[in-house]
Amino acid sequence: MGPELAEAIKAAGNILLGKQEVVKLSLTCLLARGHLLIEDVPGVGKTTLAHTLAHLLGLNYQRIQFTSDLLPSDIIGVSVFDTNQQNFQFHRGPIFAQVVLADEINRATPKAQSALLEAMEERQVTTDGATYNLPEPFFVIATQNPSHQVGTFPLPESQLDRFLMRISIGYPGRSAERDLLAGGDRRAALEDHPVVLDSQRLSEYQHQVAKVHVADALIEYCQDILAHTRNMPDYRLGLSPRAGLAMLQAARAWAFLEDRDLVLPEDLQAILPATIGHRLQTSGEKMSVSGDGLVKDLLNKIPLT
Amino acid sequence: MQIADHSLTARQHLLVSLCAGFAIAPHTLHVPLPISLFLIFLFVWRLTALRYPQFQPGRWLLVLTTLGGVILTFSQYHTLIGRDAGVGLLTVMMILKILEVRRRQDLYVAVFISYFVIITHFLFDQSMVMALYLFSVMVCLTALLIEINRIKPSATTLEPFVRTAIITLQAIPIAIVLFVIFPRLSQPLWNLGIGSSGTTGLSDRMTPGQIAELIESPEVAFRVSFVTEAPAAEQRYWRGLVIWDTDGHSWFNRKDQVRERHMQLKAHGEHSYEVFLEAHQQRWLYALDVPVSSKQRFRLSQDLILQRREPVRQSLTYQVRSTTEQQNKVVMPGMLQRALELPDNVTQRQFELVEGWRANAKSPREIVELALSHFNKQPFVYTLTPPRYLDNPIDQFLFNAQEGFCEHYATSFTQLMRIAGIPTRLVLGYQGGEYNELGDYFIIRQYDAHAWTEVWLEESGWLRVDPTAAVAPERIRFQLRNDFGTEGSPAMFQLDELGLVGSNLRRFAHMLDNANIQWRRWIIGYSREHQFSLMRNFGFDTLTPLQWSLITIGLIAVPLLLVALRLVLSGRKQPLPEIIAYDRFCKKLARQGISRKTYEGPMDYAKRAIGERPDLTAPISRITALYIKVRYGPNADKSQSKRLLQQVRQFRPGRQKPGT
């Protein structure tokens with residue numbers, strides 16, 4: 001891990017007080033070229049997290065506020081007739097940014113949601129027969145309110161799968177919150193902090209992450225986990241191969257942040273709650289268990305040899 | 001993969017209870033009544049406890065119930081070993097096991113005991129119906145076992161049964177091979193005690209009125225399948241035993257008079273047939289009058305009775321040749337004297353009656369004919385419900401009531417002939433039989449029991465005379481009807497007047513009986529002798545049974561073992577040396593009270609271990625780092641795993657104590 005990344009984690013931790021782990025996971029997600037879904041109640045710092053990451057890593061940043069009347073063209077842009085040149089000119093939408101914050105994604109209709117999700121998957125936008133590449137790196141941080149809140153369109157499983165990770169920030173601890181309340185404006189503090197990275201360096205890191213070694217033994221372990229979710233009656237639907245790929249990719253990034261050139265089972269275990277929590281659906285009485293509890297339960301049942 | 005979840009669903013609980021209940025059920029019919037009630041009570045208790053868990057007995061109550069069960073069994077049998085007591089104890093323990101089934105392991109035990117219980121039924125009953133019933137219980141148990149072992153419940157109820165069917169089909173070839181060639185015991189396994197299946201047939205002591213009781217029973221005495229042409233009904237006398245002596249009331253054979261000798265008749269029997277005899281606890285065997293030889297080399301006594309050394313305690317199959325035309329002139333010293341002996345209670349009017357015949361007859365043969373016509377002309381009645389003759393039955397029957405059954409006619413006739421000086425003996429057996437056209441055999445039932453006589457005439461030897469035929473010739477040609485009427489009313493005979501329903505019913509009964517007899521003949525009756533003759537056909541008769549057993553076991557076990565080995569090996573790879581080394585490392589630490597959790601990665605474990613034993617920081621870090629490098633790193637080579645093994649060997653966490 002380069003010193004810049006350690007610096008970025010430290011700086012972001014200063015902005016988002018007491019949320020070191022969340023910051024690290026978000027950075028892992030970014031390094032693994034995945035998209036991040038933050039599910040939490042309003043006001044715990046979802047937007048701040050997105051903003052912080054974009055700023056520290058020297059990436060340009062756009063925010064799309066999802067509402068129920070949001071249209072796909074509000075996301076990807078629209079072609080406007082230019083009277084001077086007598087043709088249609090494509091006006092790029094907010095999605096053409098390196099970090100896109102899709103705020104409250106589950107407030108929009110499925111139609112608008114899918115426009116964003118398609119762009120995430122393809123990393124390009126096609127409109128009026130022309131294809132536009134999205135910037136590199138391209139990182140979507142979507143936030144959503146817990147789905148039991150009023151006026152939400154929950155993302156279907158297939159679209160949840162597009163996010164590498166789903167995390168929640170949670171309330172800060174008591175001492176962290178006191179620092180937060182006592183301290184000054186977090187936004188201002190952020191603006192003051194120098195940029196630690198640029199998109200060039202970030203791309204290099206992403207390449208290095210891809211080279212982190214995954215041994216056969218680790219793949220076996222990963223497969224044990226996949227097989228377990230498919231065979232046990234506790235889950236309504238087992239993990240997909242894409243989930244397996246995501247797990248390994250995220251584990252590589254985590255190992256990279258841990259300053260290692262090989263992935264250990266611990267890395268896989270560390271990213272597991274965030275990576276498979278939203279892909280797994282429990283059945284029966286375990287319905288209420290989610291995220292961490294679910295994964296802890298899962299890991300307990302899979303012996304590591 | 002280990003299945004951590006040991007709990008069972010309510011449905012599985014119910015299913016295992018029901019299956020085990022079905023497995024035990026037939027035993028309740030022959031264990032003593034208190035044990036039956038105990039079994040039913042516990043079964044109901046179990047079902048209740050499944051519905052209302054508060055009734056589930058606690059540990060102490062279970063222990064007490066178990067003790068009670070053992071005591072109950074002991075009090076009924078006064079032992080706990082042997083077939084009956086053993087099965088009694090087994091059923092009691094089985095039902096207790098069901099009562100305490102809680103977890104998966106209990107269920108396995110319950111199912112496997114159920115399999116064993118299923119086998120024990122064959123000690124009591126080897127009928128086809130029972131075999132079918134037990135087979136279906138076995139299928140249910142296997143399906144249950146399959147269902148329990150599945151990780152996810154089956155989509156349909158049919159699925160485990162389909163799998164059971166597949167397993168069963170796979171097992172059938174092995175079962176057939178074992179059935180055909182596995183060495184048999186000379187005595188079947190179920191002959192452990194006195195067979196309870198013996199029905200009361202004819203006995204060797206006859207008191208008038210006895211056969212009349214017997215004819216109320218429609219139980220099968222034996223079945224006969226003719227190889228040659230079957231004789232006509234009036235020729236079908238099934239010879240059982242000959243009775244010589246009387247005390248004026250009962251007829252029997254005095255022990256001191258029995259001088260048996262093995263007979264060898266020269267004659268060629270024109271009737272060849274096979275008899276399937278039910279257990280009757282006696283030594284004599286039934287054969288068509290008169291038997292000449294048997295394939296099984298049974299003894300033929302001097303009065304031409306086929307005999308075995310041991311009583312027939314289980315159903316028996318044998319082949320006999322008989323002749324109906326043989327002039328039976330076998331006579332031994334003292335035999336004719338014995339056939340003339342009279343009891344003390346011969347009355348004057350009997351002498352007078354005989355004197356009348358003697359005066360009118362020129363030869364013994366004419367005396368016999370006069371006697372028969374006396375029975376015919378006097379108002380004798382053939383009845384299934386004769387009055388009870390207590391004092392001197394023959395005299396009362398002949399002169400007072402004149403109502404009787406075959407035994408009255410036969411005994412009276414014998415005595416009268418003896419008074420006339422004609423040697424006469426009494427023959428007991430069966431007469432007639434019902435033809436089963438489906439299986440081409442005759443069924444002889446208890447109500448076909450019959451008594452007749454044989455008289456010695458100088459010119460023809462022993463001659464069969466049936467005085468009953470003189471009174472009621474229909475008896476010999478038709479079946480008796482089972483409606484008895486009031487006492488002393490003439491017997492009714494069954495003519496071929498069955499309606500559509502009746503004939504179909506009879507056809508169905510015949511079909512069932514045929515299926516049963518074929519089962520007995522080919523499955524149960526497949527004996528050591530059959531096996532030997534089969535072996536001879538294949539030229540294996542030089543082998544001893546022990547050699548043969550070993551070869552059979554080898555033939556089956558070796559391929560099975562190979563298959564099993566393959567299955568095991570394909571599922572398990574040889575563990576890598578670094579895994580062995582690391583396991584050893586973990587074990588060494590575990591002995592220090594720091595055991596690795598199943599899911600714990602090497603780094604986390606090392607951190608925890610160092611936290612607890614800071615004195616071991618260096619070796620733990622070194623070993624862990626090396627292990628990580630070998631196991632999870634790129635380009636690991638063998639020398640590194642060797643080094644790891646070495647380091648683990650040198651790792652001795654027990655030597656230094658924390659704080660020293």
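Two strands pair if DSSP finds at least two bridges between them.

With that, look at chain B, where E6 and strand E10 (residues 306-307) pair in the antiparallel sense over two bridges. One example is B:Trp284, whose bridge partner in E10(B) is B:Gln307. The open sheet here has three strands, in the order E6-E10-E9, with antiparallel pairing. At its edges are strand E6 (284-285) and strand E9 (299-300) of chain B, each pairing on one side only.

A quick word on what you are seeing. This is a predicted model, in which local features need pLDDT of at least 70, side-chain atom pairs count only at pLDDT 80 or more, and totals for chains, interfaces and linings use all residues. Residues are numbered from 1 along each chain as its sequence is written, while chains are lettered from A and ligands numbered from 1 in the order in which they are written.

Now to chain A. It has 13 helices and eleven strands, and 42% of its 305 residues count as buried. Buried says that 20 or more other C-beta atoms, placed from the backbone, lie within 10 Å of the residue's own; exposed is 12 or fewer, and partly exposed is in between. The mean pLDDT of chain A, the predictor's confidence in each residue from 0 to 100, is 84, and 95% of the residues score at least 70.

How many residues of strand E5 (residues 99-103) of chain A are buried? Five of its five. A:Val99, A:Leu101 and A:Asp103 point one way from E5(A), and A:Val100 and A:Ala102 the other way. In general, side chains in a regular strand alternate between the two faces of the sheet. E5(A) pairs with strand E2 (residues 61-65) of chain A in the parallel sense over five bridges, with A:Val100 as the partner of A:Gln62. Four bridges join E5(A) to strand E8 (residues 139-144) of chain A, again parallel, and there A:Ala102 has A:Ala142 as its partner.

Where do the chains meet? The contact takes 20 residues from chain A and 17 residues from chain B, where contact says that C-beta atoms, placed from the backbone, lie within 7 Å. On the chain A side, helix H10 (216-231), helix H12 (265-276) and helix H13 (291-301) each supply at least two residues.

Back to chain B, which has 22 helices and 20 strands, with 31% of its 660 residues buried. The axes of helix H2 (residues 33-51) and helix H4 (residues 83-99) of chain B come within 9 Å and cross at roughly 10°; axes are lines fitted to C-alpha atoms, for helices over the stretch in contact, and angles run from 0 to 180 degrees between N-to-C directions. H2(B) and H4(B) are therefore roughly parallel to each other, a label for angles under 35 degrees.

Last stop: B:Asn516, in helix H16 (residues 500-524) of chain B. Buried, exposed or partly exposed? With 18 C-beta neighbours inside 10 Å, B:Asn516 counts as partly exposed. B:Asn516 and B:Ser127 are 389 residues apart in sequence, and 7.0 Å apart in space, C-alpha to C-alpha.

Key. Two residues are in contact if their C-beta atoms, placed from the backbone, lie within 7 Å. Angles under 35 degrees count as roughly parallel, over 145 as roughly antiparallel, 65 to 115 as roughly perpendicular and the rest as oblique.
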